[in-house]
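The tour goes stop by stop, with what to pick and what to look for.

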Amino acid sequence: MKLKSYISKFLAALSLIIISISGANAGVTNIIPFGPGGESDVTARMQQPYYKDIYKEDIVVQYKPGGGGSVGWSSLNSERSDGSVIMGVNLPHIIMQPIAKGEKAGYKTEDVNVFAFFHYTPDAILVEASSPYKTLEELMNFAKQNPGQLTFSGSGTYSANHLLTISLNKKAKVKTTYVPFKGTGAAVQALLGKVVVAEAGYSTVAAKQGSKVRMLAVASKERLPAFPDVPTFKELGYNIVSGAYRGYALPKLASKATVKEWSDRIMKINSDPAFIKQMEDNAFVVVNIGHKKIKKFMKDQQKANEAIAKELGLIK
């Protein structure tokens with residue numbers, strides 16, 4: 001009996017060791033709260049080989065789309081907090097959704113434990129290549145003559161894409177219809193399939209789709225080097241400078257050491273010249289906002305987005 005008991009205990013201990021080892025070798029899970037094919041997915045996959053080369057570990061991308069990211073962010077704090085799970089985050093989404101939706105957003109901005117932002121993409125208005133609209137002015141004229149019939153695809157609600165259409169409606173004094181999708185990939189397919197008239201997307205869509213689309217205006221401060229012939233909204237008389245920051249968050253229970261470690265890892269990848277070139281070649285703007293800068297950055301963004309929400313009539 002003693003031998004049997006000893007063997008049982010030994011096998012139980014061995015199984016725990018095996019589970020521990022397999023868990024250690026299982027890599028990291030990167031949950032993208034959108035569907036595949038969008039900027040969050042594309043840049044996460046760009047990071048994969050650099051992460052593997054530096055840390056000798058796989059980082060596995062999974063998807064949890066819905067609600068313009070809110071399905072994922074509302075579940076973030078139920079994930080493991082040991083650093084084995086990170087989740088993509090987007091601004092202005094994680095600020096504007098709780099402002100505009102309140103409790104219906106399913107989460108609060110302060111519940112999203114952001115540790116880094118690593119890139120930014122300017123908003124843009126795009127049409128399919130065969131579209132009759134060659135300029136933003138022509139598109140706005142159509143909107144004025146046909147209230148509600150100008151349809152825009154975009155990624156999520158109260159996202160950068162959605163806010164661009166709200167802002168454009170107000171500044172151009174038009175009424176358009178925004179159709180949200182579960183990520184940029186689906187929004188692009190709606191544009192290419194002519195399900196919508198145009199897309200409220202990002203400059204990166206033009207970089208990726210090439211001759212399949214035409215970018216009519218970009219919401220950057222100055223014209224983009226990759227698209228010198230595309231005017232800014234400001235050039236066209238609309239004071240719109242907007243876009244999306246993308247980064248990562250951990251569950252709130254993650255330790256300070258885990259937060260620092262992950263911030264350092266993302267910033268290390270961001271410093272690789274090959275990665276920077278790859279990002280810039282695809283019209284992404286690399287930014288380095290690590291854990292030491294996050295608190296002030298988020299505070300500034302909260303203030304700026306509350307001002308935008310008031311201007312757009314989303315809050316009083």
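Select histidine 162 to begin. Is histidine 162 buried or exposed? Its relative accessibility is 12%, under the 20% cut-off, so histidine 162 counts as buried. Keep in mind that this is a predicted model. Histidine 162 belongs to helix α6, which covers residues 160–172. Now show what surrounds histidine 162. Setting aside neighbours within four places in sequence, histidine 162 is in contact with Gly156, Thr157 and Tyr178.

**Stop 1**

Step back to tyrosine 158. Tyrosine 158 lies in the loop that joins β5 (151–155) to α6. Check its backbone: phi is positive, at about 50°, although tyrosine 158 is not a glycine.

Next, pick alanine 283. Alanine 283 also has a positive phi, here about 70°, and is not a glycine either. Look for alanine 283 in the loop between α10 (273–281) and β10 (285–289). Is alanine 283 buried or exposed? With a relative accessibility of 10%, alanine 283 counts as buried.

Now select leucine 91 and proline 92 together. The peptide bond from leucine 91 to proline 92 is cis, and its omega is near 15°. Proline 92 sits in the loop between β3 (85–91) and α4.

**Stop 2: α4 against α11**

Colour helix α4 (residues 93–101) and helix α11 (residues 291–311). Their axes are 10 Å apart, and the helices pack at an angle of about 45°. Show the side chains at the contact. From α4, pick Ile94, Ile95, Met96 and Ile99. From α11, pick Met298, Gln301, Gln302, Asn305, Glu306 and Ala309.

**Stop 3: α2 and its two partners**

Move to helix α2, residues 39–55. The axes of α2 and α9 come within 10 Å and cross at roughly 110°. That angle makes α2 roughly perpendicular to α9. The crossing of α2 and α9 is right-handed. On the α2 side, select Gln47, Tyr50, Tyr51, Ile54 and Tyr55. They meet Trp262, Asp264, Arg265, Ile266, Lys268 and Ile269 in α9.

Keep α2 on screen and bring up α10. The axes of α2 and α10 come within 11 Å, and the crossing angle is roughly 160°. That makes α2 roughly antiparallel to α10. This crossing, too, is right-handed. Here Thr43, Met46, Gln47 and Tyr50 in α2 meet Ala274, Phe275, Gln278 and Met279 in α10.

**Stop 4: the aromatic rings**

Display the rings of the aromatic side chains. How many aromatic pairs are there? The count comes to 13. Zoom in on phenylalanine 115 and tryptophan 262. Their ring centres are 6.3 Å apart and their planes stand at 40°, so this pair is tilted. The pair links distant parts of the chain. Phenylalanine 115 is in strand β4 (residues 113–128), while tryptophan 262 is in helix α9 (residues 256–270), 147 residues apart. Phenylalanine 115 counts as buried, at 1% relative accessibility. Tryptophan 262 counts as buried as well, at 3%.

Another pair to select is tyrosine 133 with phenylalanine 142. This pair is tilted, with 5.4 Å from centre to centre and 45° between the planes. Tyrosine 133 is buried, with a relative accessible area of 18%. Phenylalanine 142 is buried too, with 17%.

Which residues do ring pairs link into a cluster? Pick Tyr51, Tyr55, Phe115, Phe118, Tyr248 and Trp262.

**Last stop: arginine 265**

Arginine 265 lies over the face of tyrosine 55, at 4.5 Å from the ring centre. Arginine 265 also lies over the face of tryptophan 262, at 5.5 Å from the ring centre. Both rings belong to the cluster.

How values were computed: Residues numbered from 1 in each chain as written. Predicted model: local features only at pLDDT ≥ 70, side-chain atom pairs only at ≥ 80, totals over all residues. Heavy atoms only, no water. Phe/Tyr/Trp six-rings, centres within 6.5 Å; stacked < 30°, edge-to-face > 60°. Helix = DSSP H or I, 4+ residues; strand = E, 2+ residues; numbered from the N terminus. Buried < 20%, exposed > 50% of the residue type's maximum accessible area, 1.4 Å probe, protein only. Lys NZ or Arg CZ within 6 Å of the ring centre and 35° of its normal. Axes fitted to C-alpha atoms, helices over the stretch in contact; angles between N-to-C directions. Contact = heavy atoms within 4.5 Å. Parallel < 35°, antiparallel > 145°, perpendicular 65-115°, else oblique. Left-handed = near helix turned anticlockwise from the far one by under 90°.
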